[in-house]
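Subject: Structure handover

Dear colleague,

Here is the structure you were waiting for. My notes on it follow below.

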Amino acid sequence: MEQVTDHLLAAARKVIAVHINYPSRAAQRGRTPEQPSYFLKPSSSLAHSGSTVERPAGCELLGYEGEIALIIGKPARRVGIEDAWSHVEWVTASNDLGVYDLRYADKGSNLRSKGGDGFTPLGPALIPASDVDPAGLRIRTWHNGELVQDDTTEDLLFPFAQLVADLSQLLTLEEGDVILTGTPAGASVAKPGDVVEIEVTGGGLGTGRLTTTVTEGTTAFADFGARPRTDDIQREEAYGSREAAGLPAVVPVLTPELKKKLESVATATLSSQMRKRGLNNVSIDGLQATRPDRRVVGLARTLRYVPNREDLFKTHGGGFNAQKRAIESVNEGDILVMDARGEKGTGTVGDILALRAQVRGAVAIITDGGVRDYSAVADLDIPTYFASRHPAVLGRRHVPWDTDITIACGGTTVQPGDIIVADSDGIVVVPPCIAEELVDECIEQEREEAFIFQMVEQGNSVDGLFPMNAQWRARYEGWAGSPEGAQGD
């Protein structure tokens, strides 16, 4: 079997890398792209199997990513998907190395963070593309002998032929060009002395293990350019999780204790306490509910629709659009809040997507637009809050545009991570930074109101009682300390 040679490396005029292509990686990153996106690596980053790669001096996070590399055999310009694979001559293993310490300086280009010398080793053997099924390949990565990545190309987000065809629409893929096709979950960080091995197999053929050894750089970065810099966000991304990076777990904003407290108080009480803090525009107004008697508490996830424009609907309305991405990204305890601009003339959610949100653990759906398949949606356990019923499908008035951004819904602003509380009185948006102190004061307010209600029930006038004057306040303090008053805690 032919091997990666100096001649082959020298023939590569372009190295093109795909950002996200494996569902496992998309799930790990928490985002699924609608279309493939790419970045360039310089051909000077190419290296052989058995080479060493330097972690630059002052850098902490040299990330490795096992990938399948495609090597173009004949030029491709504006080719179709059905013909694209014939332009690929070889398949081999690659390691898409990069230092997360310089990502901040690249502003998305990845030039310095991914373009260092030796940052794209290939090999060792070349598999003829004509001898394998591009959807039947397997990639595995070992870090110091431990298997850390193991995936196949069976269910890629963007099959290899699509990548070749897509790239060829704008630029000519030349003989020798290399396409790195994305990495599965499991990529992590290598340190000096570590050995990373990657192998691609398929159709009874294999590349053998591409071996790269990490060394420590000794030449410091000059002070006339960007210097290495990192933080916990980059560490989490480089290692794949906070746990793998050795970082403490993030304490959830909506703890079980806080949620229980919020479930115990009325939205009317929350609204009045927020008014005392100068927050008046915190209610989502004008909606009806499939389960008006249900009290729900959850964290906001957001989806924004824009007015329909036919050309934009063609590019953003079909496939795995923002609406579907929003549904597929909600987790247990989330509330999906939709900005439909109060436009009631079409459905923004129906029974299938509402069911999917329920299955994923969402506690409610809120839209200031229409709902379709109303009877089926109303039969679901998950409450849906909506402005109207309408039979029209998506595309009549809306284009699903983006997710997890600040939106407007029912006359107020909602941000991802806001706490949403809904009951028979309405829906309020609670800023998470004040939730703890707010709910404690709500509990106290409702205990005071329970006392006032009892006093009125016994025939007392509200004059001086509601609100309480000093005399009634003293009586309340005595009542609150009694067994009867303690029942309200």
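Is arginine 341 buried, exposed or partly exposed? At 35% relative accessibility, arginine 341 counts as partly exposed, where buried means under 20% relative accessible area, exposed over 50% and partly exposed in between (1.4 Å probe, protein chains only).

Two remarks on the basis. This is a predicted model, in which local features need pLDDT of at least 70 and side-chain atom pairs count only at pLDDT 80 or more, while totals for chains, interfaces and linings use all residues. Residues are numbered from 1 along each chain as its sequence is written, and side-chain values use heavy atoms, with hydrogens and water left out.

Overall figures

The protein chain has 489 residues, of which 49% are buried. Its C-alpha atoms fill a box of roughly 100 × 55 × 45 Å along the principal axes. The secondary structure comes to 16 helices and 31 strands; these are DSSP runs (helices H or I, at least four residues; strands E, at least two), numbered from the N terminus. Of the contacts (heavy atoms within 4.5 Å) with a separation of 6 or more, 77% are between residues 24 or more positions apart. The accessible surface is about 22,200 Å², and 51% of this belongs to carbon and sulfur atoms; the areas come from the Shrake-Rupley method with a 1.4 Å probe, and for residues only the protein chains shown count as cover.

The chain carries 48 positive and 69 negative side chains, and the centres of the two sets lie 4 Å apart. Lys and Arg count as positive and Asp and Glu as negative, without His and the chain ends; each charge is placed at NZ of Lys, CZ of Arg, CG of Asp or CD of Glu.

Nonpolar cores

A nonpolar core is a set of buried Ala, Val, Leu, Ile, Met, Phe, Trp, Tyr and Cys residues joined through side-chain atoms within 4.5 Å. The largest has 42 residues, and the members that touch the most others are Ile68, Leu70, Trp85, Val91, Phe160, Val164 and Leu173. At least two residues each are supplied by strands E1 (15-18), E5 (62-64), E6 (66-72), E7 (88-95), E15 (195-202) and E17 (210-216) and by helix H6 (160-168). H6 gives the most, with 6 residues. Beyond its neighbours within four places in sequence, leucine 70 is in contact with residues including Trp85, Val91, Phe160 and Val164, as well as Asp177 and Thr181. There is also a second, separate core of 21 residues, with Leu303, Ala326, Ala357 and Ala362 among them.

Sheets

Two strands are taken to pair if DSSP finds at least two bridges between them. E7 and E10 are antiparallel over 2 bridges, and tryptophan 90 has proline 128 in E10 as its bridge partner.

A 3-stranded open sheet runs E8-E5-E14 with antiparallel pairing. E8 (98-99) and E14 (188-190) are at the edges with a single partner strand each, so one side of each has no neighbour in the sheet. E5 and E14 are joined by 3 bridges, and tyrosine 64 is partnered by serine 188 in E14.

E21 (residues 334-339) has 6 of its 6 residues buried. Asp334, Leu336 and Met338 lie on one side, and Ile335, Val337 and Asp339 on the other. E21 runs parallel to E20 (residues 296-307), with 6 bridges, and threonine 302 is partnered by valine 337 in E21. E21 also runs parallel to E23 (residues 364-367), with 4 bridges; there leucine 336 has isoleucine 365 as its bridge partner.

Backbone points to check

Most residues other than glycine have a negative phi, and most peptide bonds are trans. The exceptions noted are these.

- Glycine 123 and proline 124 are joined by a cis peptide bond, with omega about 0°; proline 124 lies in the loop between E9 (120-121) and E10.
- The bond from phenylalanine 466 to proline 467 is cis, with omega near 5°; proline 467 is in the loop between helices H14 (435-457) and H15 (470-480).
- Asparagine 144 has a positive phi of about 50° in the loop between E11 (138-143) and E12 (146-152), and at 46% relative accessibility it counts as partly exposed.
- Arginine 341 has a positive phi of about 65° and sits in the loop between E21 and E22 (347-349).

Regards
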